[in-house]
Amino acid sequence: TERDGEISIIEINSETDFVAKNKEFIIFCKELSELNFANKGDIEKLNETKMSNRITVKENLINLIAKIGEKIIIRRADFFDNSKGLNFYYVHSALEKNIGKIISIVKIDGIIKGKNDDIGNKIAMHIAASSPLALEKEDIDKNIVDKEFEIIKEEVKNSGKPKDMIEKISKGKLSKFLNDNSLINQIWIMDPKKKVVDVLKENSKDKDIIILDFVRYKVGEGV
């Protein structure tokens with residue numbers, strides 16, 4: 001849901017595509033999205049909010065599960081206010097307006113409406129396509145990095161490389177993993193000769209374009 005430059009996002013999971021396309025389920029999701037915007041992405045508050053039938057979200061969810069006969073989960077939610085920068089979003093393979101399986105939102109500072117705001121939509125599209133784990137290399141979850149390094153070392157070891165070379169090769173491969181998964185360092189989807197950081201510099205007009213925050217939701221990812 002988007003209003004006055006503010007954007008909310010919510011992920012609601014069903015067990016099958018059949019339910020995901022069910023008319024009653026979609027109506028429920030649409031109302032939930034509006035209520036999520038009003039509750040600024042707070043799921044606890046959302047669950048206790050009354051819907052148009054004067055029953056809470058939590059109770060309506062129980063009733064819908066009983067009626068459809070499938071597990072439905074309100075998984076996660078976010079809210080991007082308009083206090084700093086401008087917000088942009090992209091919906092991949094939209095089922096309906098603002099409903100899709102992959103949605104990204106990005107908050108960017110330094111964009112001037114009417115001058116370089118098209119880059120905001122392109123960055124949102126890039127995030128949806130390239131699935132970055134974090135903005136900068138240093139922001140990637142340490143557990144993910146450590147696990148990846150162990151996998152890389154094992155692969156290098158099994159490839160028959162000399163023992164004294166394993167650490168060096170592994171560190172090089174880890175550096176590539178960090179670049180590939182940090183938004184700023186990713187290869188720009190619209191021009192493989194550039195990185196996202198280059199595109200930000202190129203499109204900066206009166207002030208530097210800075211990505212402040214982003215989220216990317218893919219339905220059912222990591223479940």
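What follows goes through the helix pair and then the sheet.

This is a predicted model: local features need pLDDT of at least 70, side-chain atom pairs count only at pLDDT 80 or more, and totals for chains, interfaces and linings use all residues. Residues are numbered from 1 along each chain as its sequence is written, and side-chain values use heavy atoms, without hydrogens and water.

Start with helices α2 (residues 23–38) and α4 (residues 57–68). Helices (H or I, at least four residues) and strands (E, at least two) are DSSP runs, numbered from the N terminus. The axes of α2 and α4 lie 12 Å apart, at an angle of about 165 degrees. Axes are lines fitted to C-alpha atoms, for helices over the stretch in contact, and angles run from 0 to 180 degrees between N-to-C directions. The two helices are therefore roughly antiparallel (over 145 degrees).

Contact means heavy atoms within 4.5 Å. From α2, Glu 24, Phe 25, Phe 28, Leu 32 and Leu 35 take part. They meet Val 57, Asn 60, Leu 61, Leu 64, Lys 67 and Ile 68 of α4.

Now the sheet. It is open, with 3 strands in the order β4-β5-β6 and antiparallel pairing. Two strands pair if DSSP finds at least two bridges between them. β4 (86–92) and β6 (210–218) are the edges, each with a single partner strand, so one side of each lacks a neighbour in the sheet. Neighbouring strands are turned by 15 degrees against each other on average, direction ignored.

β4 and β5 (residues 102–109) are joined by 7 bridges. Asn 87 stands opposite Lys 107 in β5. Helix α5 (residues 118–130) packs on this sheet and touches β4, β5 and β6. The direction of α5 makes about 135 degrees with that of β5.

Technical notes. Parallel < 35°, antiparallel > 145°, perpendicular 65-115°, else oblique.
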